[in-house]
Amino acid sequence: MPAPGSPAPTGFGPPPGLPAAPGAAVPGAAPTAFSGAVPTGGPAGGGSGERSGGNLRRNAVWAFVGAVLASAGWATAVTVIPGMVSTNSSPRSLGNYHLSDDLCAIGKPARLLEKYSVTTSSTSPSHHTDRNPALDSMNCSMSLKRIGGDSDSEYASVYMRADLHKAVNPAPELSANKEVYRSRGYQITTITGIGEEAYFVYKDDGSDKYHDIYAEVDIRDGGMTYYITYSANYTQGKATPPSMDDLRNMLQTDADNAVRAMRK
């Protein structure tokens with residue numbers, strides 16, 4: 001199927017039995033008293049300029065008709081066979097990615113849990129999975145306590161979420177999300193080797209004594225997005241949270257393992 005604006009393919013044109021162009025005689029029909037351009041003077045039939053002008057106008061008309069027919073055919077193909085055309089907002093392939101009923105199980109943050117234990121309560125751990133025609137989603141949240149810790153400053157939390165976008169391309173949203181973090185003073189580090197794009201987010205927000213730590217790894221691979229977030233607050237001198245590099249290594253490993261599990 002030709003792209004819009006390309007010449008009409010063979011087969012486009014007036015139906016059999018009609019003139020090849022407006023004003024031309026029908027094959028086999030008697031000549032009419034009026035045909036072609038109106039002479040503006042001189043001998044009957046006008047000069048060559050009038051005839052040339054009429055031909056140019058007729059050719060332009062049929063060029064326009066051919067372009068319209070070609071565009072109409074292209075529009076039909078886009079509607080009937082969407083896979084022929086891919087735009088920036090078109091859904092991306094999901095490959096072998098699929099959801100499970102328990103992200104806490106298949107996406108268990110094993111590296112993070114080398115330093116923390118899961119606090120068991122009515123709300124921790126918790127997980128949920130939703131499926132619908134446009135978006136499949138699953139999440140998991142855990143309350144954590146530092147292994148060997150003995151103060152209120154040794155607590156943290158982790159949240160994980162995976163989405164399968166079936167109706168839109170999630171890439172622009174991921175890019176916008178990264179810029180929002182950047183505008184709010186978070187440190188952004190690109191991660192290579194996981195999915196089509198991934199990055200690490202970090203911020204230590206607080207005073208000399210009280211600190212709020214936030215770290216996140218975001219991944220997109222086709223129409224799949226996944227992120228894992230870590231948050232903790234602590235009082236200087238009472239607890240020491242993992243360093244930024246330690247958090248990046250732990251979350252990156254756990255995120256990589258989780259998206260691999262989604263392809264099994």
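I looked for disulfides (a pair of cysteine sulfur atoms within 2.5 Å) and found that Cys 104 and Cys 140 form one, with their sulfur atoms 2.0 Å apart; the count by this rule comes to one. Cys 104 lies in helix H2 (residues 103–106) and Cys 140 in strand S3 (residues 135–146), so the pair ties together parts that are 36 residues apart in sequence. Helices (H or I, at least four residues) and strands (E, at least two) are DSSP runs, numbered from the N terminus. I noted that the link is right-handed, with 105° about the S-S bond.

This is a predicted model, in which local features need pLDDT of at least 70 and side-chain atom pairs count only at pLDDT 80 or more, while totals for chains, interfaces and linings use all residues. Residues are numbered from 1 along each chain as its sequence is written, and side-chain values use heavy atoms, with hydrogens and water left out.

I then checked burial (buried means under 20% relative accessible area, exposed over 50%, partly exposed in between, with a 1.4 Å probe and protein chains only). Cys 104 is buried at 9%, and Cys 140 is buried at 0%.

Of its 40 residues, Leu 112, Ile 219, Tyr 226, Tyr 230 and Leu 247 touch the most other members. Elements giving two or more residues to this core include H2, S3 and helix H4 (244–261).

How values were computed: A nonpolar core is a set of buried Ala, Val, Leu, Ile, Met, Phe, Trp, Tyr and Cys residues joined through side-chain atoms within 4.5 Å.
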